[in-house]
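Trainee: I would like to learn how to read a model that has two chains. Where should I start?

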Amino acid sequence: MADGSVVHKKRFGRHEQEALIGYLLLLPGLVGLAMFVVYPMLSGIALSFQSKYLLEPDKDAWIWFENFRKFLFANPKLGLYVGNTVLWVIGSVVGSVSLGLVLALLLNREMRFRGIYRAFALIPWVMPMVVAAIVWQWIFNANWGIANHVLRSLGLISKNIVWLADRTFIWPAILVVSVWKGYPFSFAFLLAGLQVIPKDLYEAATIDGASRWRTFRHITLPMLRPQLFVIVLLSTVWNANEFTAIWMLTKGGPADYTMTIAPLVYQTSFQFYRMGYGASIAVLLMIVVMSLAAVYIRSVRSEI
Amino acid sequence: MAELSRRRFLQLSAMSAGVAALAACGPAATPAPAKEVAPAEKEAAPAPAARTEIVFLCAGTSEVESKHQRHWTDEFNSTNPDNIFVKIELIGWSDIFTKERAYIAAGDAYELAWYCGATAKEKWLMGWVEPLDEYLGDVKGTFKDSLFDPKSPNVVEKDGQEHWIGMPFCHYGIGVIGRRDVIAEKTGMDDNAAILDKLSTYAGFLEVAEAIHDPEDFYAISGPSNHWPFDTLLNNGLHSTADFSDDWRDAYIEGLEFVQELFRMSPPDAVTWTHRDDVAAYSNGTVGLNRQGTYFYGDVIPRSPHLMTAETCIVLPVPHGPAIDGNVISIGYCGYYMCSKSNKKEAAAKFMRFLAQPDAQNTFPMNLSPLKGVDSRQQVAELEKLFPDMYGERAIFWFDQWNAAMDKHTNWWSEATVPSEEINKIFNDEMVRLFNGETTPTEVYDTIKPQIEAICKICPRRDGKQFE
């Protein structure tokens with residue numbers, strides 16, 4: 001400067017440059033997230049506060065919490081829907097994680113054609129749920145389904161079971177489909193987790209005379225905690241939102257016996273034309289699932 | 001190969017993105033200049049109209065229906081002089097509403113869509129339906145008069161005026177299809193008149209059903225559990241499943257008691273059946289009396305042609321109860337409506353006019369023609385052109401019997417309630433409980449009455465009570 005003082009230009013340093021590059025590279029993803037996740041979510045929340053009933057287009061209005069009040073306090077089937085959803089989530093998660101763990105343990109051993117068995121184990125995962133549901137509908141068909149044919153051939157039943165209508169069997173049947181479809185995800189994750197457990201831990205356990213069960217309980221399970229955490233969390237969220245399986249298999253019937261929240265949202269919005277009310281049920285489901293996820297993450301995080 | 005520095009990479013990425021953005025925002029491509037035509041040619045060949053594409057949403061309810069829709073769409077596309085191109089989309093029945101809504105929400109409405117039963121009236125209430133009087137008023141006279149009955153699914157009333165909203169492709173009746181050969185074998189009745197007479201009442205029907213019922217090989221009554229109740233109630237004097245007229249309460253409950261008897265003779269899994277399961281069961285020869293409609297011929301004939309003959313099949317009305325003296329055949333129309341949100345209504349109207357012509361109307365398989373003056377032989381002969389393996393002489397019995405039933409018995413509108421799905425859900429859930437023996441007809445009535453009356457928009461009732 002003219003008076004002789006030195007002005008230090010503020011330079012855009014390397015750190016700031018790298019951060020800017022990072023943000024720029026993130027930008028397309030963020031734009032997509034905003035367009036396809038954030039905006040629809042906010043629109044759905046806004047819709048939940050309105051009385052949008054398509055058969056009364058001139059009566060659209062902001063009714064704020066009335067839809068929520070109606071569902072939570074004036075719906076005689078609330079307990080049924082919530083109970084069904086809890087049953088579906090717990091059954092699906094416990095079943096698929098357990099089966100995935102068993103298969104991962106089995107296929108982690110050295111054996112011939114292990115690679116082929118592992119590939120076969122992933123088949124349910126790659127099959128679209130719509131296709132899987134249709135296939136299982138035929139398997140469970142009361143008159144021509146292979147399930148009844150096999151059971152009758154083995155002498156285990158004398159009369160065909162009406163799998164997708166009989167209240168004794170309908171829940172086990174649809175949970176079988178969910179577990180069959182969901183176990184490969186757990187299997188793949190847990191198999192990867194098993195493969196990084198140090199072998200010397202097992203050798204040390206063997207030397208100390210630990211039984212297989214104690215080895216599993218005190219070495220394998222604790223070492224799989226990070227994977228189990230992720231699997232349980234994701235499976236819970238996915239199953240809470242599951243629509244296709246239930247809709248294809250039973251449409252929530254008979255008489256809402258298998259109706260969970262996600263298909264209820266669809267039915268309310270697209271079959272009954274009550275868009276605002278349906279949106280409020282969806283928002284409630286979102287709040288519950290997010291809260292459960294937050295509680296779970298908080299309680300388990302410190303142990304991982 | 002030279003390495004690409006980070007700066008260079010970012011520069012190239014930014015330039016590419018900029019170029020792409022400019023290209024997307026640029027003006028539409030300039031159309032190629034019209035070819036110069038000699039003066040003589042100009043007079044003889046007028047310039048072709050600009051191509052207009054219209055969207056035609058069809059519910060793929062069956063293979064034969066889809067074939068009919070594709071055939072006439074292709075015919076129109078190849079012969080219409082106005083350069084209109086119809087883009088047909090086949091969508092599952094249960095998903096067509098979602099598709100319609102998506103088109104409208106996207107601001108690019110379709111032109112024509114399929115409807116059946118009360119769904120056109122529902123779309124009218126949503127503000128999606130364009131009245132056809134102005135576009136097709138001159139062809140009204142070719143259709144059966146019942147199409148324009150104020151209670152029909154094709155007519156709505158607004159500000160004291162009636163509007164025609166749906167152009168049909170079929171006219172269907174609902175009754176019972178019976179295994180004539182099994183009835184003859186088990187009851188000794190081999191004469192159609194005797195069978196029709198015996199099965200015309202609740203009591204006679206149950207007697208024959210008991211005679212042919214032979215579980216688990218053969219069930220007297222087919223499902224699904226929601227098919228029988230609608231028409232049973234109509235056949236005991238009610239005007240719809242939402243008819244809770246005080247003076248007809250006993251008739252309603254009486255109808256449900258009859259339905260309960262029918263459930264007893266249905267396959268145990270029929271409680272969850274849909275139409276296709278019903279069709280499959282009849283085609284497999286495991287049920288004897290199936291509540292069905294005029295469309296059923298096309299459902300069964302591809303799989304089990306031996307069950308669709310005059311010897312093995314008889315068309316019956318749904319039996320009537322003690323509250324009325326004669327049988328009721330419920331009738332309905334399926335058709336196409338014009339979307340009021342479309343901006344190509346003129347083009348859509350031209351296509352609809354094409355579909356209204358006798359060639360198209362009379363070759364819709366499975367159902368009766370909605371046109372006046374078309375008898376069985378004429379319809380069968382025309383159907384044979386498009387479906388030579390299915391129709392012809394062999395099908396005449398079917399159309400003869402249906403036409404006779406509809407001429408002889410009272411006709412009433414089926415599926416006339418709005419909102420149809422929600423009312424059906426309330427009603428059918430109780431039918432499931434009735435099927436499972438968890439409730440009684442009286443409890444069903446008392447349970448559904450307040451629920452249905454609370455949501456009624458259009459609910460035909462004996463007492464004429466109207467809903468908002």
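Mentor: Start with burial in chain A: buried residues make up 31% of its 304 residues. A residue is buried if 20 or more other C-beta atoms lie within 10 Å of its own, exposed if 12 or fewer, and partly exposed in between, with C-beta atoms placed from the backbone. This is a predicted model, in which local features need pLDDT of at least 70, side-chain atom pairs count only at pLDDT 80 or more, and totals for chains, interfaces and linings use all residues. Residues are numbered from 1 along each chain as its sequence is written, while chains are lettered from A and ligands numbered from 1 in the order in which they are written.

Trainee: What share of chain B is buried?

Mentor: In chain B, 46% of the 468 residues are buried.

Trainee: How many helices and strands does chain A have?

Mentor: Here helices (H or I, at least four residues) and strands (E, at least two) are DSSP runs, numbered from the N terminus. Chain A has 14 helices and zero strands. Its radius of gyration is 26 Å, well over the 19 Å that the globule rule gives for 304 residues, so chain A is more spread out than a compact globule. That radius is taken over C-alpha atoms, and the rule is 2.2 Å times the number of residues to the power 0.38. Along the principal axes, the C-alpha trace of chain A spans about 105 × 75 × 30 Å.

Trainee: Is S96(A) buried or exposed?

Mentor: S96(A) is buried, because 27 other C-beta atoms lie within 10 Å. The residue belongs to helix α3 (residues 78-106) of chain A. Two residues are in contact if their C-beta atoms, placed from the backbone, lie within 7 Å. Leaving out residues up to four places away in sequence, S96(A) touches V179(A), G182(A), Y183(A), S186(A) and S235(A).

Trainee: Which class does A105(B) fall in, buried or exposed?

Mentor: A105(B) is exposed, because it has 9 other C-beta atoms within 10 Å. A105(B) lies in helix α4 (residues 96-105) of chain B.

Trainee: How many helices and strands are there in chain B?

Mentor: Chain B has 19 helices and 12 strands. Its C-alpha atoms fill a box of roughly 85 × 60 × 60 Å, taken along the principal axes.

Trainee: How do strands β5 and β6 of chain B pair?

Mentor: Two strands pair if DSSP finds at least two bridges between them. Strand β5 (residues 155-158) and strand β6 (residues 161-164) of chain B pair in the antiparallel sense over four bridges. V155(B) has W164(B) in β6(B) as its bridge partner, and V156(B) stands opposite H163(B). The two strands form a hairpin with two residues between them, and D159(B) in the turn has a positive phi of about 50°.

Trainee: Which residues of helix α7 in chain B are buried?

Mentor: The general idea is that an α-helix has 3.6 residues a turn, so residues three or four places apart point the same way. In α7 (residues 180-187) of chain B, R180(B), V182(B) and I183(B) are buried. Seen down the axis of α7(B), its buried residues fall within an arc of 160°, so they line one face of the helix. The arc is that of the directions from the helix axis to the C-beta atoms. The buried residues of α7(B) pack against several elements of chain B, including β7 (167-179) and α8 (192-198). Just after α7(B), G188(B) takes a positive phi of about 80°.

Trainee: What domains does the assignment give for chain B?

Mentor: Domain bounds come from an automatic or database domain assignment. For chain B it gives domain 1 (52-170 + 334-404) and domain 2 (172-330 + 410-455). The contact takes 24 residues from domain 1 of chain B and 19 residues from domain 2 of chain B. The centres of these two domains, taken over C-alpha atoms, are separated by 28 Å.

Trainee: How many residues of chain A are in contact with chain B?

Mentor: 16 residues of chain A are in contact with 19 residues of chain B. The chain A side divides into 13 nonpolar, two polar and one charged. Ala, Val, Leu, Ile, Met, Phe, Trp, Tyr, Cys and Pro count as nonpolar, Asp, Glu, Lys and Arg as charged, and the others, Gly among them, as polar.
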